[in-house]
Structures are given as structure tokens and as C-alpha cells.
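The following paragraphs walk through selected parts of the structure shown below.

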Amino acid sequence: MTLISEQQLPIIVKRLAQQILETYPGLSNAVIVGLQPRGVYLSDRIVAALHQELPAEQVIYGKLDITFYRDDIRRELHLATQTDLPFSIEGKTVILIDDVLFTGRTIRAALDALLAFGRPSKVALCVLVDRKPSRELPIQPDFSGKEMDTLTPYKVKVRWKENDGVDDVILLGE
Amino acid sequence: MALSTKHLLGIKDLSTEDIQLILSTAGQFKEVLQRPVKKVPTLRDVTIVNLFYENSTRTRISFELAERRLSADVVNFTVSSSSAAKGETLLDTVNNILSMKVDMVVMRHSASGAPHYLAKHIDAAIINAGDGINEHPTQALLDAFSMQEKFGSLKGLKVAILGDIMHSRVALSNIYLLKKMGAEVMVSGPPTLIPTYLQEAMDIKVEYNIDKALAWCDVANVLRIQLERQNQPLFSSLREYNLAYGITMDRLDKLNKEIVIMHPGPINRGVEMDSDVANSSHSIILDQVENGVAVRMACLYLLTGRSNPA
């Protein structure tokens, strides 16, 4: 089943970018951090949308890998990808971006990982899909593209042109 | 994707994919080590014992730092202050330590094959930190990482390993690794310090003239003369060794190209390498040491995942 179609996805991305700008006008004192590996596809799009509204130097953008902060190393070995945060987050508002918010464990790890780089004044969370009923930790998004309100056993797969040949969100395993 | 092996006993047992996985993971850990907070909580429920039956400064500090940066609990064991001095066997010592719930063993031993023997008898993951004159896998991995960082790739790279090849576990691990990764390898040194059948056995070049070896290579990995393993005279004097085989500025100046100088340490300055070479811009010796921590973090991380299947 298609959750977000190829037509809807760019509209949702644009809306997320606008909501971020409404909350943090001009992104003053705010930075964007995409979560590796798959959150970065979304953050790339959102940053591109932000560039339409703001001069490039006002959009500070980094990527964060959280592999070494995960709580499941004994269950499954994950391979790390590149972390690239070439700026200070001390005292800043950090807007974390990921594709799907599921159990909340990735974001828990991301918060830990972020603190290794400094002490942000605030951390906000932006996701494309919020699987609210599946949450295992008290973590909620500040911006979400689509909220799922039923508990499903299916996997939510976000597909991106760069990697999967198509832009959409589908339910797998139906 | 994971390592194909449960222990890290030698480069001989690793596949090309294993080596690539370790080197790329080490790259991520090198970035971690540049952060304001250099510690990650990855191995916070893992206990590691460092069993050093032989002296070491660099390797031991490097392993301990790698373990602590990963938040593992670390226990150190030195033979001089242990029950091994009272006659306990290696297996008894290790089994006693493991019964106190230790997950991983990092071992250096003067007997070649000691970690392989342990691996047959115990469940915990074992990392070989040097066994006799056999292998020193993490040294070869950090050498490879440093070369890859400098040159981008190991494929087709001309690496000369110079000096005491016969008694060097660093040489053997490096030869295995470089061959697997597609580099060209030459060894050079006095004939008495190069095993007779090495050329045929390992399919590498052997050159007894050090100047020719330097002229051929992109990288010279210079090894220490291991006097502690030589129970008969294999060359006439240290001074004569320096004259005939030592890496001096004169020798490097005579080349019409820049080569990179490496050394696994500890350096005997004025013997296999002169001070001004070790301190020069040719040398990446301190980069090797820095990279050692990241490479060992990668090995520990990848082996922890392996040793505890869900």
C-alpha cells in the first residue's frame, strides 16, 4: 500500500520546510542535522527547500551517524556511516531530521550522540512519517509529514529516487 | 555485513572484505576521536582483559585507550605481577579470568600460535596483539589504514619492508595484508635476516641492496632489529648495520622522488633509522600511532557484534 505518493512527497517536504521556518524564522541560531543513513535523503530535500527561501549561508547543515550510540549492538551489528558536523552546536537549536519515527530508540541514541559535540540550547525533531502507536520511549516529533494512528505489523519503507529509483512511502509485508 | 571470523588471530585468516570492513569502520572511529567528547557508549556492557605476556608500550596503551573510548570495562594483566610467575599454565590463567565473566581477550605472547591455541579452548573472542614471530594483525591493519589515508588506495602501491624480516611478526602480517589488498611487496635487509624461502612462499620480491629497494618503493616500512629474538649473531655490529642498511637522510636525498617512511616502533634511532629521518616530513610514524587507536576500536567493535549472536 502506498502511504505517501510520488505527487504528495514534494508537497509534504515543502510544508515541513515552511513549518520549520515559521517556528525558527530565518533559522537564526538554528542548525539542521540529518540522521545517517536514511534520514539524510529527507534532510537533503528539506535543505534544498530552505535554500529557496533563505540565502545559502543561513542554512547550516550537518549529518550525524548514531551507530556507536545504539542500544542493540549485541542483537545486531550495524555498520557506521560518515558523521559530518563541521560547526559548533553549542547553544544552538538543533533540528534533527529522520525519515521514520518508530520506537524512538534511534532518536534516543541521536540525542546521546549529539551531546558529544556540545550542549545545544534546544533539540527539535522533524520526521516524514510518525508511527506514533509503536513508540517505546517518550519521544515525540515537533514536525511530522504524516502521522500513522494504527498499530501495524508492517514495515514502513521510504523510497528515494537517489537510492531506490522512486520517491514514495509504502507499507511492506502486507 | 560482519566479519567472517570470530577471533582476530592473524591477517592470514581474514578475507579482503573483512579487511575493507575494518578499515572503513576505523575511518568512522577516527572521526569520533576528533570530537570534543571522544568516548562512545558502544561497548559499555563488555569486559575486556589485556593479557600481556611480553613487554609493550604502544600496543598496550593503544588497546587500552581504544577499549576505554568504547566504554568497555578493562582489566590489565602483566606477567611479572601474576600467578604465571608461579607456574600456572596459560589455559588455566585464561579460564580463571573468564570465569569472572570477561567477554574478550587481547593477548600478546612470546610463543607463536599462543592465541590460536587459546581460541581452540575458550569461547571468548580473542584478539592477537602479537604472537612470537608469527603475526601482529592490528599493526598491519593500522599500517594499511595509514597508507590508504596517504595514497587513497593500496592497489598497485609499492611497499618495501626493510630490516629484520626474519623475527618480525609485523613483516609477516603486513605481507599477508598487502598481498590481499593488491599492493606490490618487496622485502629488503641483510640475507641473514630474510627467511630463505620467503620469496617463493609469499610471492614477493626480495632485494638485498637497500638503495635499490628504496629506489623501487612508494613506501618504506622500516622494522626494528629484534635483538631479543636473535640468539646468534646475524650481523657484525649495530654500527655496521646502520652503514649498510640504515635509513639515512643521505640515502633519501639520493632518490629522485619522495617516499613515505613508516616504522611500527619502538625506533632504535641511529640503527635502522636515523633521527633526522624519523623526525622528517617523510615520516608518518606518529600518524600510525594515532590511527592505531581508531583501527583497534574498529576491531573491538566488529568482534563484539560477532561474539554475541542474538
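In chain B, β1(B), helix α2 (residues 58–69) and β2(B) form a right-handed β-α-β unit. Right-handed here means that, with the strands pointing away from the viewer, the path from the first strand over the helix to the second runs clockwise. Helices (H or I, at least four residues) and strands (E, at least two) are DSSP runs, numbered from the N terminus. The model is predicted: local features need pLDDT of at least 70 and side-chain atom pairs pLDDT 80 or more, while totals for chains, interfaces and linings use all residues. Residues are numbered from 1 along each chain as its sequence is written, and chains are lettered from A and ligands numbered from 1 in the order in which they are written.

Strands β1 (residues 47–52) and β2 (residues 73–78) of chain B run parallel and are joined by 6 bridges; two strands pair if DSSP finds at least two bridges between them. Asn50(B) stands opposite Asn76(B) of β2(B).

Chain B also has an open sheet of 5 strands, paired in parallel in the order β7-β6-β5-β8-β9. At its edges, β7 (205–207) and β9 (260–262) of chain B each pair on one side only. Strand β8 (residues 219–222) of chain B pairs with β9(B) over 3 bridges, in the parallel sense, and Asn221(B) has Met262(B) in β9(B) as its bridge partner.

Between the chains, 15 residues of chain A are in contact with 17 residues of chain B, contact meaning C-beta atoms, placed from the backbone, within 7 Å.

Conventions
Two residues are in contact if their C-beta atoms, placed from the backbone, lie within 7 Å.
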